[in-house]
Amino acid sequence: MSQTYLTRIGGLIRDARRHKGMTQSDLAELLGTSQGAVTRIEQGKQNLSLDMLAKIGDALDSEFVSLGHSGPQHLRIVGGQKLTGSIDVKTSKNAAVALLCAALLNRGRTTLRSLARIEEVNRILEVLASIGVRTRWLPDSSDLEIIPPAELNLDDIDVAAARRTRTVIMFLGPLLHEHDSFQLPYAGGCDLGTRTVEPHLAALRSFGLEVTATHGFYEARSDRSVNPERAIVLTERGDTVTENVLMAAARHAGTTVIRNASPNYMVQDLCFFLEKLGVRIDGIGTTTLTVHGVAEIDVDVEYSPSEDPIEAMSLIAAAVVTDSAITIRRVPIEFIEIELATLDGMGMKYNLSGEYTSANGKTRLVDLTTIPGPLQAPTDKIHPMPFPGLNIDNLPFFALIGAVAEGSTMIHDWVYENRAIYLTELTKVGAKVQLLDPHRVIVEGPTRWRAAEVMCPPALRPGVVVLLAMLAAPGTSVLRNVYVINRGYEDLAERLNALGATIEVFRDI
C-alpha cells in the first residue's frame, strides 16, 4: 500500500473509532494488539493486510473500506436436510427500534443490553449519530451505550439512512417537547393520510403537534401550551402509534390516558423501559394505559429488551418445514400462545419446559421442543388479530406451514395491502399457492419442494418464508439480495447452520 493510501485509511479508522466513543486502547483490546499498533495504524505508519482491515471493520461496525463487497448479499442453500440441536431466540427487533427512539427522552446515559444487531438498528444508529447522539457497542457484547448531546442537531439528519427505515416516524413523540418546529424525512410510500400514518398524527395533535408533508419530509410544529384535555382514543390499535403516544406522554408533566392501546410485546417493553426512566404507567398489558409523565428525564439507566416472538415463530416454522426435532430456547410464551393453539389444531406436537423470566424481569419464557409429524390443514381460515390474537408478522409463516399440511389452508391478511401477493413466491420452490385477492391466498399441501433461484421478496417475513422453504427443497437454491432479511434477523444463516443447515453467504464478483 502507498503511504498516501495508508494515511487515508488511518484517518478513516481514527474517525470511525472516535464516532464509536472508543479509545485506542479499547480498539487494541478488540483486535488483540497493542495501543501502539493502533496509533501507528491511525497515523498511516503500518502496513495492513486485508484480514486486519476486515477485523477492524468488524470491531468498529463500519464498512469504511470496501473489499469488493459493495454489491447485494445473496444466500446459497443446500436443502433437504433435517435440523437438530438447540437455538436461543434473540431479543426483539421491534422492541429495539422503539427503545432507540425512547432513548431520545433521556438526557442521561442509556444502556440497552443484548440489543439486536440488525440492519434496521444500524440505520437508526446512523440517524442518531447524524443529529449528535453518541452511540457505541460495548466491547465483546451486543450492549449498546447511548449518550445524547446537550442539544440535538436535527438540521444534519442523515436523510439517506432515515429513508431506509420507517421507524423515523417514532421520533415525533420524543421530539415534540424539545423543539417548536423540526423536519424529518419519511420513507417512500409512507405518505400522510395513509392507514399507517394518520393515526399517529391524529393522536399527537393532543400534545399540540401539527404535521404537514412537503417533498418527502414531515414538517412538524409543536405548540407546547397544548395538553391532552381528555383520554386519547386511538383510531387503530397499532403498535407504533401506541409507542409514539407513550413517548409523547412520558414527558408530559401530567396524566395521559390512552384507550384502544396495543398491549403487544414491543409496547410492553417500552412501558417497562419508561418506568425505569421514572414514568409511572398503569395498565401495562391492557388496552387502556394511564401514563403519569415527568417534565424532565435525566437518569443513567440500563434495560434488557425481551425475546422476539416473531423470531420464535420463524424457528418453529423452520422445524416444521424440515420435519425436524429442535429445541427453541427463550420463547416468550405469552406472545405466541395463539399461534401454538392454531398449530395444536393442525396436529402439531411439541413439549414445553417450565416457565422462567427474561432479563427484563417481566416477560415469561419457555423452551419449546418440536416433535416431527404429519399436519392437517385447519378447518377455518388463519387470520391475524391485535394482541392477544395471532400476530400479523407471524401470519406468513402459516402459509409455509400450510404448504406442509394435508389439505387447503386459507391465509387472510386483512391488515396489509398486497403483502399476501408476496406469498405466491413460494410457487417458485414448488408450493401450490393461489392468490384470491390482495389479502387472501389458498395454500394446498403437502408440497414436493424443489430447488430454485429466487429474488428475495421486498417484505421481511415473506423473504424469510422463502428462505425456510429452500431449507426443505432437495438440491441447491439461491435467494438473491437478502438485505430485507438482515433488517430483521441477526446472523440467521450462521445460526441455522449451527442446527445442521447448509447456507452460504456470498456476493457477486
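Tutor: Here is a close look at the aromatic pairs. The model is predicted, so a local feature needs pLDDT of at least 70, side-chain atom pairs count only at pLDDT 80 or more, and totals for chains, interfaces and linings use all residues. Residues are numbered from 1 along each chain as its sequence is written, and side-chain values use heavy atoms, with hydrogens and water left out.

Rings of Phe, Tyr and Trp (its six-membered ring) pair if their centres lie within 6.5 Å. Planes under 30 degrees apart count as stacked, over 60 as edge-to-face and the rest as tilted. By this rule there are 3 aromatic pairs.

Take F273 and Y303. Their ring centres are 6.0 Å apart and their planes stand at 65°, so the pair is edge-to-face. F273 belongs to helix α11 (residues 265-276) and Y303 to strand β13 (residues 301-303). Helices (H or I, at least four residues) and strands (E, at least two) are DSSP runs, numbered from the N terminus. The pair links distant parts of the chain, 30 residues apart. Both F273 and Y303 are buried, meaning under 20% relative accessible area (1.4 Å probe, protein chains only).

Now F335 and F387. Here the centres are 5.0 Å apart and the planes at 40°, so this pair is tilted. F335 lies in the loop between β14 (327-332) and α13 (337-345). F387 lies in the loop between β17 (364-371) and α14 (395-404). The pair therefore ties together parts that are 52 residues apart in sequence. F335 counts as buried at 6% relative accessibility, and F387 does so at 12%. With Y265, F335 and F387 form one aromatic cluster.

Terms used. Buried < 20%, exposed > 50% of the residue type's maximum accessible area, 1.4 Å probe, protein only.
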